[in-house]
Structures are given as structure tokens and as C-alpha cells.
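Me: I would like to go through some of the terms used for this model and see what each one rests on.

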Amino acid sequence: MFVDEPIGVEEPNGVTETAKLPGQRGEELLDAAVRYAQERHWDVCPGTWLKTVEGVEKCSCDEAGCASPGAHPIGPDWADRATGNGAAVRRMWSEHPRASILLPTGRTFDAIEVPETAGFLALARIERMGLPLGPVTRTPDRRMFFLVLPGAAAEVDGLVGKSGRRAAAIDLVGRGEGHCLTGPPSRVGGGAVQWARRPTPANRWLPDVEELISPLAYACAREAADARARLL
């Protein structure tokens with residue numbers, strides 16, 4: 001149940017020891033994609049992947065200056081292709097064994113996206129307060145995604161607004177229908193996507209966004225204030 005192949009060592013203070021991943025083996029991606037579908041009942045679909053051209057890593061889409069190398073859908077029908085059927089997942093990764101794993105939001109979960117520094121601060125507060133916590137991903141571009149119950153994306157602005165803040169101003173974003181996350185252990189431009197808090201039997205039941213919004217908004221507001229102070 002996602003506990004036997006650690007990508008990083010989790011510490012209660014929010015510090016993650018990043019494992020070194022020199023390459024991406026297709027069997028790792030296939031195994032993870034099937035487990036997400038069968039054990040968590042998440043829909044998954046294959047995304048693009050990184051390839052080496054003349055010693056330089058590039059996105060398989062071959063677009064010059066791709067903004068999300070190895071981390072975006074292969075085609076416009078990605079939402080329709082996403083499935084939670086293990087056999088279908090195996091077929092898709094047999095066709096594209098190096099494809100990144102995309103996890104659509106707005107179905108079995110939404111996600112709250114925050115800057116990495118704020119995310120680790122929020123993790124420490126959430127755990128100290130004994131609040132429920134679902135899986136949390138960490139991307140190479142220093143973003144973190146907290147998985148919560150579906151419907152959260154539509155509530156974020158209103159919930160943050162109750163504290164006198166604006167979600168956009170503190171870089172707190174809800175991801176729901178029409179979006180997708182890149183799932184570990186996908187390799188993307190800059191490195192590998194990892195679990196800051198991995199899926200376990202204990203966090204199978206996701207929290208409601210209202211349970212986490214206070215520590216997340218506090219952490220994001222503090223990070224935003226610190227960023228402004230650094231510019232002075």
C-alpha cells in the first residue's frame with residue numbers, strides 16, 4: 001500500500017530527504033499507475049515523457065520551449081482516456097512505457113496548490129494540530145499539492161476570503177475539474193515528482209478543504225509576506 005518503495009524519507013518537521021533518481025524505469029511507472037488505479041481507485045492517464053536528444057533532455061511533444069516538459073497530456077482527449085481500470089492502465093503504459101502519470105483532479109479528489117516553503121510550514125502546523133491529512137505531492141519546480149475531497153477548488157476563494165485574504169494574492173490555488181497532477185515517480189523537467197506525504201491506508205479518506213484551509217492560508221500568507229520583505 002505505497003509503503004514498501006520509499007522515494008524519500010519523511011520527517012515530522014516537514015523536511016524531506018530527496019532520493020537520487022538517475023533514470024526512470026518503465027516498470028516503476030507502470031507499477032505506480034496500476035496501484036493508483038487499483039488501490040486508491042484514482043483515474044490515471046499517460047502524459048508526455050522526457051527523452052534525450054544530442055545529450056539534452058527534451059519533452060516528447062517536440063515543442064520548442066515546452067513549458068512543462070514531461071508533465072502534460074499527450075493529446076486533447078486526455079480526460080476521456082483517464083481510467084481507473086487496472087487492465088486498461090496496463091495497456092496504455094505498454095504503448096508508452098516512459099509516459100508520466102497524470103492524475104485528473106475534480107473526480108476522486110481536488111488539490112490545493114501552494115509554494116513548497118509554505119507547504120512544509122503548513123504540514124508542520126497540520127500535524128501539530130492533529131488535523132486530518134491526505135497525500136501530498138512535491139514537484140521539482142517547488143510546488144506542493146494537498147489532496148482533498150472533490151469540490152474544494154470551487155470553495156477556495158470564499159474560504160480564504162473569510163480570513164480577509166485573497167487566495168491569488170497569497171499564491172494558494174485550487175485545482176479541480178479540467179486539471180491534472182503529475183503523479184510520482186514521474187520524471188519531469190528539473191527532476192522527479194515525489195510524495196511529501198505518500199498514500200497509506202491511514203489517509204485513504206481525504207480531508208475536507210475546510211479542515212485544512214486555515215493552516216494552508218496562514219502558511220501562504222506568511223511566505224508571501226516574507227517574499228515581499230526580501231524585495232525591500
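Reply: The questions below take up a sheet, a cavity and a helix in this predicted model.

Me: What makes β3 and β11 the edge strands of the open sheet?

Reply: The sheet has three strands in the order β3-β6-β11, with antiparallel pairing. β3 (45-46) and β11 (180-183) each pair on one side only, so they are called edge strands.

Me: How do you know that β6 pairs with β11?

Reply: Two strands pair if there are at least two bridges between them. Four bridges join β6 (residues 101-104) to β11, so the pair meets that cut-off. Ile101, for example, has Gly183 in β11 as its bridge partner.

Me: Which residues line the largest cavity, and why are four of them called nonpolar?

Reply: The lining consists of Cys45, Pro46, Ile74, Gly75, Asp77, Trp78 and Arg81. Cys, Pro, Ile and Trp count as nonpolar, Asp and Arg as charged, and Gly as polar, so the lining divides into four nonpolar, two charged and one polar. β3 and α2 (78-81) each supply at least two of the lining residues. The cavity holds about 40 Å³ of space, and one cavity of 30 Å³ or more is counted.

Me: What puts the buried residues of α5 on the same side?

Reply: In α5 (residues 152-161), Ala152, Val156, Leu159 and Val160 are buried, that is, under 20% relative accessible area. They cover an arc of only 90° around the axis, so they lie on the same side of α5. Their cover includes β7 (110-115), β9 (143-148), β10 (173-175) and α6 (209-231). Ala154 and Asp157, on the face turned away from the buried side, are exposed.

Conventions:
Residues numbered from 1 in each chain as written. Predicted model: local features only at pLDDT ≥ 70, side-chain atom pairs only at ≥ 80, totals over all residues. Heavy atoms only, no water. 1 Å grid on protein atoms, 1.4 Å probe; cavity = no way out; pocket = protein on both sides within 12 Å on 5 of 7 lines; lining within 4 Å. Points joined across faces, edges and corners; volume = space filled by probe spheres on them. Buried < 20%, exposed > 50% of the residue type's maximum accessible area, 1.4 Å probe, protein only. Arc of directions from axis to C-beta. Contact = heavy atoms within 4.5 Å.
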